[in-house]
Amino acid sequence: MNDKANTTPGCPMHAAAAAKPAEWHGAKLDFKESMSYGDYLGLDQILSAQHPLSPNHNEMLFIIQHQTSELWIKLMLHELQAVRQNIRDDNLPPAFKMLARVARIMEQLVHAWDVLATMTPPEYTAIRPYLGASSGFQSFLYRELEFILGNKNPNLLAVHEKTPEAHGILERELHAPSVYDEAVMLLARSGFAVAPGRLARDWTRPAEADDSVQAAWLGVYQDTEQHWALYELAEKLVDLETAFRFWRFRHVTTVERIIGFKQGTGGTEGASYLRKMLDVVLFPELFALRTEL
């Protein structure tokens, strides 16, 4: 019997096929009583969270670009909180994997700017009046990310007073050692002579370059066989900061491409402010020691 005969209405094979649910290579098709992909991921909530305020076609790009960035940052924070705890517990192998993952996420975010860069100045100008004073500068998750990486500024908590829960999380993060602070304390536990003042510093301030920390890392790099775990930790941190710098650079160049040197919607100097952020160094000793090697 040929294929055409198989599908002829009234034939036995056609009737048998109609009597049972359609199949697709063994895939489950009926989810009336079980969890589906959309249920598991909460897609109803995620995909209904885009609410353009302007009539302009390009606002959807602007919204989704920033929403997906916030999700990636949420994942980075999930990883970095575990990194910090593992370093604190002297359990470095899992921390290495997590740090590598964070660096890859940052690379993902770098390439995401390529999509936003397809928005031209006239297209952005059409939606800008609808943004009000909202700005990425107000991102609670990004601020938490900077805090956990050590770039702290107590004054910026004021931005988040509107949301007490977020403010409380940032307050706790402000007073906690950063990932890098934990790495420095690990150096001390490993027998390196780190200055007591560095180990008991004010966690609410950004760390400043410390000669004793640089000497300790230099000792690690000069005897990598003896200090292999610390050496690998240092290189993972360098990878992370390098990826973060690329992310910041891609951010400022995208902003310059779209709005030039106009003031940002949140009141900052826009691209000029972002360029100043390029000079922020999170792990200063790890870059400075390379001059001495």
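**Helix packing in the predicted model**

The protein chain contains 15 helices and zero strands, where helices (H or I, at least four residues) and strands (E, at least two) are DSSP runs numbered from the N terminus. The model is predicted, and local features need pLDDT of at least 70, side-chain atom pairs count only at pLDDT 80 or more, and totals for chains, interfaces and linings use all residues. Residues are numbered from 1 along each chain as its sequence is written, and side-chain values use heavy atoms, with hydrogens and water left out.

Of the 293 residues of the protein chain, 40% count as buried; buried means under 20% relative accessible area, exposed over 50%, and partly exposed in between (1.4 Å probe, protein chains only). Among contacts in the protein chain with a separation of 6 or more, 69% are accounted for by residues 24 or more positions apart, contact being defined as heavy atoms within 4.5 Å.

Helix H5 (residues 59-88) packs against helix H6 (residues 92-116) at an angle of about 165°, and their axes are 9 Å apart. Axes are lines fitted to C-alpha atoms, for helices over the stretch in contact, and angles run from 0 to 180 degrees between N-to-C directions. H5 is therefore roughly antiparallel to H6, given that angles under 35 degrees count as roughly parallel, over 145 as roughly antiparallel, 65 to 115 as roughly perpendicular and the rest as oblique. The contact of H5 with H6 comprises 22 nonpolar, five polar and two charged residues. In this classification, Ala, Val, Leu, Ile, Met, Phe, Trp, Tyr, Cys and Pro count as nonpolar, Asp, Glu, Lys and Arg as charged, and the others, Gly among them, as polar.

The loop between H5 and H6 holds Asp90. Asp90 is partly exposed, with a relative accessible area of 47%. Its phi is positive, near 60°, in a residue other than glycine. Most residues other than glycine have a negative phi.

Ser139 is located in the loop between helix H7 (121-127) and helix H8 (140-148). With a relative accessible area of 9%, Ser139 is buried. Residues up to four places away in sequence aside, Ser139 touches Glu70 and His160. Tyr142 belongs to helix H8. Apart from neighbours within four places in sequence, Tyr142 is in contact with Ile73, Phe244, Trp247 and Arg248. Tyr142 and Leu77 are separated by 65 residues in sequence, and their C-alpha atoms lie 9.2 Å apart in space.

The axes of H8 and helix H9 (residues 164-174) cross at roughly 10° and come within 9 Å. H8 is thus roughly parallel to H9. On the H8 side, the contact is made by Phe140, Arg143, Glu144, Phe147 and Ile148, and on the H9 side by Ala166, Ile169, Leu170, Glu173 and Leu174. By class, the residues of the contact of H8 with H9 are seven nonpolar, no polar and three charged.

Helix H12 (residues 211-222) and helix H13 (residues 228-259) have axes that come within 9 Å and cross at roughly 115°. The two helices are therefore roughly perpendicular to each other, and H12 passes H13 in a left-handed crossing. Trp217, Val220 and Tyr221 of H12 make this contact with Leu230, Tyr231, Ala234, Glu235 and Val238 of H13. Seven nonpolar, no polar and one charged residues form the contact of H12 with H13. H13 has 32 residues and reaches 47 Å from its first C-alpha to its last, close to the 46 Å expected at 1.5 Å a residue; the expected span is 1.5 Å times one less than the number of residues of a helix. Gly260, whose phi is positive, near 65°, follows H13.

Definitions and conventions: Left-handed = near helix turned anticlockwise from the far one by under 90°.
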